[in-house]
Structure formats: structure tokens, C-alpha cells
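Subject: Structure handover

Hello,

Here is the structure I said I would pass on to you.

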Amino acid sequence: MRRQFSALHVAILCLGIGVLYVPIVVLIGYSFNASPMVNVWGGFSTIWYSRLLHHQNLLDSALLSLEVAMCAASIAVVLGTLAAIALVRFARFPGRFLLSAMVTAPLVMPEVITGIALLLLFVSLLHTFSWPHRGFFTIVFAHATFCIAYVTVTVQSRLHGADQSLEEAAMDLGAGPGRAFIDITLPLIAPAIISGWLLSFTLSLDDLVSSSFMAGPSTNTLPMLIYSKVKLGLSPVINALATLIIVAVGAGVICAGWMMRRAEARHELEMHEAERLNAAPRVPDLRERVPRAVRSPS
Amino acid sequence: MNRTRHARRWLIILPPLLFLLIFFLVPFFYTLKISFAESVIRIPPFTDIFTRTADHRLHLTLDLNNFRRLFTEEVYGLAYLFSLRTAFFSTLTCLLLGYPIAYAMSRAPRATQKVLLLAIILPFWTSFLLRVYALEAVIQNDGILNMLLLRLGLISHPLVIMHTNLAIYIGIVYSYLPYMVLPLFATLQKLDPALLEAASDLGSPPWRAFLDITLPLSLPGIIAGSMLVFIPAVGEFVIPSLLGGPGNLMIGRVLWDEFFTNHDWPVASAVAIAFVVLLVGPIAIYQYFSARHLES
């Protein structure tokens with residue numbers, strides 16, 4: 001029986017996914033509204049975009065947020081990848097359960113709680129050691145903490161799928177485990193690492209709650225600024241800003257996805273080619289008959 | 001050889017382990033400690049539960065007042081109940097809306113599935129804050145929704161949705177729907193069509209096959225998706241504070257106010273600790289199912 005894809009299914013999908021996009025489309029439409037009354041159409045205009053450029057606070061905040069996101073994503077991608085390797089490759093080690101629990105918990109833990117908890121720690125550290133002052137670095141650490149979770153989950157599933165026999169083959173040919181990992185497995189999991197970084201970057205760029213707890217008096221990230229304006233109601237300048245952010249992120253994600261798919265396709269083609277070349281005289285693989293324990297003495 | 005391999009292992013394990021210990025786990029114990037302190041006016045604004053007496057002995061003073069207040073002051077109980085109820089009904093709505101979407105997606109041709117998946121994931125990448133803000137333009141009194149309904153003659157006066165509890169529900173369902181659809185789709189897609197075929201060969205009508213086969217087999221997806229919506233929804237801050245009414249009692253907001261407006265850190269810590277205790281069950285369920293999902 002072939003799975004049917006009926007008109008009803010198409011209707012459900014159009015409606016369901018369409019509804020997700022309606023508010024965003026409305027927002028983009030309103031950003032070109034000449035009238036300062038957001039809900040009253042006053043003709044097409046790009047006046048709010050030019051206003052944006054003269055909004056110094058906003059530009060400063062945007063720059064700060066980009067810097068924070070850059071640092072947080074880079075820390076998260078390194079630590080998250082290490083955690084994923086540890087969880088997938090090392091079956092038993094003391095603290096394994098703790099690590100896997102701590103890695104997944106921030107995915108669901110409400111940020112208000114983690115924010116307060118981390119702030120309390122920083123405040124008393126500051127009281128005892130006169131360090132760290134709340135600001136750039138405290139925000140970066142808070143963001144990195146929840147971003148690690150996303151990186152680990154992404155890399156973990158990719159590592160599960162990666163063929164470990166290739167790495168074993170490299171080691172049989174004399175490469176050390178580190179070398180084999182860097183030459184063989186790292187390129188295989190690179191797409192997951194890249195998307196982990198991108199996801200962390202956007203999550204950090206968007207974060208309001210953690211930043212509010214971590215920010216010092218002079219650090220105002222972009223979401224904090226947006227929130228304080230939006231709290232007062234709809235604002236045409238924010239509509240323009242939101243449109244820019246949404247379009248930039250959307251385009252970035254689609255481009256990254258497309259590039260990764262192309263790299264993937266090329267990789268698959270190469271693997272296919274290699275298999276075809278190898279297929280000719282098939283030598284029986286003796287390794288399959290040798291118990292694993294004998295194969296890799298450790 | 002064994003030694004160096006062992007050492008190298010720890011080079012991989014230790015950095016993330018230590019980082020998460022310091023920035024994730026230790027803060028919780030610290031919050032627990034402060035929840036037993038008394039609020040005082042100084043910096044930091046709470047007493048130390050460990051004090052040294054003149055003869056250098058360590059004294060531990062545990063003040064249970066903050067926890068007692070959680071039970072005696074009505075506002076906290078109401079806030080927990082309201083948050084749990086809101087999260088529960090939003091999760092249910094997400095499930096009822098998300099299941100048909102995920103189901104239809106799993107039936108789509110493979111090439112279409114990729115596009116649909118991207119369409120579901122894309123809002124997840126775009127700013128959460130901005131999506132909630134965008135919703136405001138739709139559900140306002142003079143927003144698109146009311147304009148449409150008035151034009152169609154379905155209503156004679158604009159519906160007041162903004163700043164009500166309904167707005168919070170709409171906000172949560174709208175923002176978290178992708179979190180429900182993705183795990184559901186993942187389980188439904190793996191479903192073996194041969195099972196449904198067998199059921200229909202044995203004379204089972206489609207609705208029966210759905211109840212007996214599809215629904216039970218998609219249970220892990222249902223649970224994972226529900227937890228993925230429920231847990232963050234309980235602690236949601238942005239949605240109730242932007243869309244909800246001024247006095248709504250979502251626990252995330254109560255915590256925020258306790259912290260930033262009342263500056264009562266020990267009580268805020270107690271609220272947070274009680275909150276974590278409340279969420280341990282759902283989080284454990286989620287962990288269990290996501291771990292099983294990763295292994296398969």
C-alpha cells in the first residue's frame with residue numbers, strides 16, 4: 001500500500017504552516033507603512049528603515065549582541081562537541097550520567113530559573129572575590145551554558161550515524177586516535193558542528209531573559225532594548241528592525257542549509273565512487289571473524 | 001598506552017563537565033542555600049547561612065520562613081496553579097493542532113517533506129521575542145484578526161484578546177507548535193507502512209488501524225513533544241509579560257518581579273527551588289524518552 005497524500009493532508013499543511021507565517025508577514029508589511037499609527041495603513045514608505053540608521057542606542061546594542069553571540073557560540077561549539085564525543089564514544093566513565101543530564105537539562109529548563117541561579121552565584125562571587133563584574137562576559141557564559149545543549153544534541157545524532165569503521169581503518173594504517181579523529185570523523189561531523197554554531201549564534205542573539213539577569217548597568221543587548229520598547233506597544237521602528245533581522249536570519253539559514261546539502265551530496269557521490277572502485281575483487285574481510293577484543297588490544 | 005589513552009579521554013570529558021558544573025549545577029545549590037537565608041538590606045541582600053562564632057565554630061542557620069511563605073501567601077500557590085493549568089491546556093492544544101500537521105507531513109513525498117521540515121524549522125531560527133511581538137499586531141483590538149472577522153460579519157464588535165489569558169494561550173501555542181510537530185513527525189515518519197497494510201488486509205478500517213497502530217507507536221513522539229512544550233511553557237516569561245494582562249500570575253513573571261521589583265532574593269530563590277522540584281518529574285520523563293530516541 002502506498003502512503004496516500006490526499007487533498008486533506010495538503011489543506012492541513014497549508015493551513016497549519018501558513019498560520020505560523022501570518023504574523024511574520026503582517027509584521028513585514030507594516031514595516032513599510034508610512035503612518036506612525038502601526039495599524040492604520042498610510043501608504044508605502046521606507047522612512048522607518050532610515051530612522052533605524054540614526055538610532056545610535058540601537059546600533060550599539062546590535063553590535064554588542066553580535067559580539068556576545070559570536071563568543072558564546074564559539075565557546076558552546078567547542079564544549080558541546082567535546083561533550084557529544086564523550087557521550088557517544090566513551091560508554092562508561094565516572095560522571096557520564098551527570099554530564100548527559102546537565103547537557104540536556106538546559107534544553108527545557110525555564111530560563112528564568114537558570115538566570116536567577118547564575119546571577120546569585122555571580123553576585124556572591126563578586127562579593128567575595130570582587131570578580132566578575134556583571135556585563136559582557138557574564139552574558140557570554142550564561143548564553144554558552146544553554147547553547148552547549150543544542151550543539152551536543154546536534155553533533156550527537158550525527159556522530160551516532162558516522163561510520164566508526166573508517167576511523168578504525170585509519171588506525172589500522174598507523175594513525176593515532178587523535179589523528180584518525182581529526183582526519184576522518186571531524187570532516188564527517190562538520191555539518192552538525194556548523195549548524196550547532198549557527199543555532200547557538202541565533203539563540204544567543206535572541207536571548208532576553210538570561211541577558212537581563214546577567215547584564216550590568218551599561219550592557220544593553222538588542223533583545224533587551226527591543227523588549228523595553230515593545231513593552232509600550234507596537235512601534236514602527238521595531239517593525240523595520242524586526243523585518244531586517246528576520247530576513248537576514250531566514251536568508252542565512254536557507255543559504256547554510258543549501259550549502260550543506262550540496263556538500264552532503266558531493267560527499268555521498270565520492271563515497272559511492274569509492275565503493276564502486278572497491279567493489280571489483282572483494283577480499284573477504286577477516287576482521288569480521290576476529291573477536292573485537294583481539295582486534296584492538298587496549 | 002592505556003594510561004595516555006585514559007588521560008586523553010579526560011581531556012575530552014573534563015572541559016564540558018567542569019563548565020556545566022560551574023555554570024549550571026553549582027548555581028542551583030547556591031540558590032538552594034540562599035533560599036534558607038533571610039532578606040536584609042545590604043549587598044548582597046541576604047544573610048549568610050554559615051556564620052562563625054567567637055570560638056571559630058561554624059554555625060548553620062536555616063531559615064524556613066521563605067518556604068513557609070510559599071504556602072501561607074496565596075499569590076504563590078495561585079501562580080503555580082495558574083502556570084501549570086496554562087501550560088497544560090496550551091500543550092493539549094499544541095498536540096491537537098500539531099498531530100494532524102505532523103501526520104500530513106509524514107504522508108508527503110520525500111522531496112516535499114524536506115521543504116516542509118524547513119518551513120517548520122525556520123520560525124524556530126527566527127527570533128522568539130520578535131515572533132511574540134509580531135503576534136501582537138494580529139490579535140490587537142484593531143489588528144488583522146479582528147479586521148478580518150468584522151469584514152466577514154462573524155462578529156459585530158472587535159474581540160478583546162490582547163492582555164487577556166486567551167492571548168497567553170494563543171502566544172504559547174503559536175510559539176511552541178514547531179517543538180510539538182518535530183518529534184511527532186520524527187516518530188510518524190519511522191512508522192512502518194507494512195503494519196498499516198497488514199491491518200487493512202486483515203479487515204481493519206482505517207480509523208481502527210490508526211487507533212491500534214499509529215497512535216500507540218507515535219506515543220514516544222507525543223510524550224517528547226508534550227514535555228518540550230509543557231516544561232518551558234510553565235516558566236514562560238516573555239509571552240505573559242508582552243501579551244498577558246497586567247496582573248496575570250505566570251510563575252516566571254512572579255519570579256521576575258520578586259527579583260527585580262521587590263529585591264527579595266531569598267524568597268525568589270525559594271520560589272525558584274519549589275519550581276525546579278515541580279519540574280523534576282516532567283524533565284525526568286523527557287530525558288528518559290529523548291535518551292531512548294537517541295539510542296534507536
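In chain A, helix α3(A) passes α4(A) in a left-handed crossing. Please keep in mind that this is a predicted model. Two packed helices are described by the angle between their axes and the distance between those axes. Here the axes of α3 (residues 56-89) and α4 (residues 96-108) of chain A come within 11 Å and cross at roughly 135°. An angle over 145 degrees would count as roughly antiparallel, so α3(A) and α4(A) are oblique to each other. On the α3(A) side the contact is made by A83(A), A86(A) and L87(A). On the α4(A) side it is made by R96(A), L99(A), S100(A) and V103(A).

A86(A) also turns up in a contact with chain B. I13(B), which lies in helix α1 (residues 2-35) of chain B, touches A86(A), F90(A) and F93(A), leaving aside residues up to four places away in sequence. Is I13(B) buried or exposed? The relative accessible area of I13(B) is 0%, and buried means under 20%, so I13(B) is buried.

The axes of α4 (residues 110-125) and α7(B) come within 9 Å and cross at roughly 155°. Those two helices are therefore roughly antiparallel to each other. The crossing of α4(B) past α7(B) is left-handed. From α4(B), the contact uses R110(B), Q113(B), L117(B), I120(B), I121(B) and F124(B). From α7(B), it uses P178(B), Y179(B), V181(B), L182(B), F185(B) and Q189(B).

Two further helices of chain B are worth a look.

Helix α5(B) covers residues 128-139, and its 12 residues should span 16 Å at 1.5 Å a residue; the end C-alpha atoms are 17 Å apart, which agrees. How many of the residues of α5(B) are buried? The count is 12 of 12, so the helix is mostly covered.

An α-helix has 3.6 residues a turn, so residues three or four places apart point the same way.

Regards

How values were computed: Residues are numbered from 1 along each chain as its sequence is written. Chains are lettered from A and ligands numbered from 1 in the order in which they are written. This is a predicted model: local features need pLDDT of at least 70, side-chain atom pairs count only at pLDDT 80 or more; totals for chains, interfaces and linings use all residues. Side-chain values use heavy atoms; hydrogens and water are left out. Axes are lines fitted to C-alpha atoms, for helices over the stretch in contact, and angles run from 0 to 180 degrees between N-to-C directions. Helices (H or I, at least four residues) and strands (E, at least two) are DSSP runs, numbered from the N terminus. Angles under 35 degrees count as roughly parallel, over 145 as roughly antiparallel, 65 to 115 as roughly perpendicular and the rest as oblique. A crossing is left-handed if the near helix is turned anticlockwise from the far one by less than a right angle, and right-handed if clockwise. Contact means heavy atoms within 4.5 Å. Buried means under 20% relative accessible area, exposed over 50%, partly exposed in between (1.4 Å probe, protein chains only). The expected span of a helix is 1.5 Å times one less than its number of residues.
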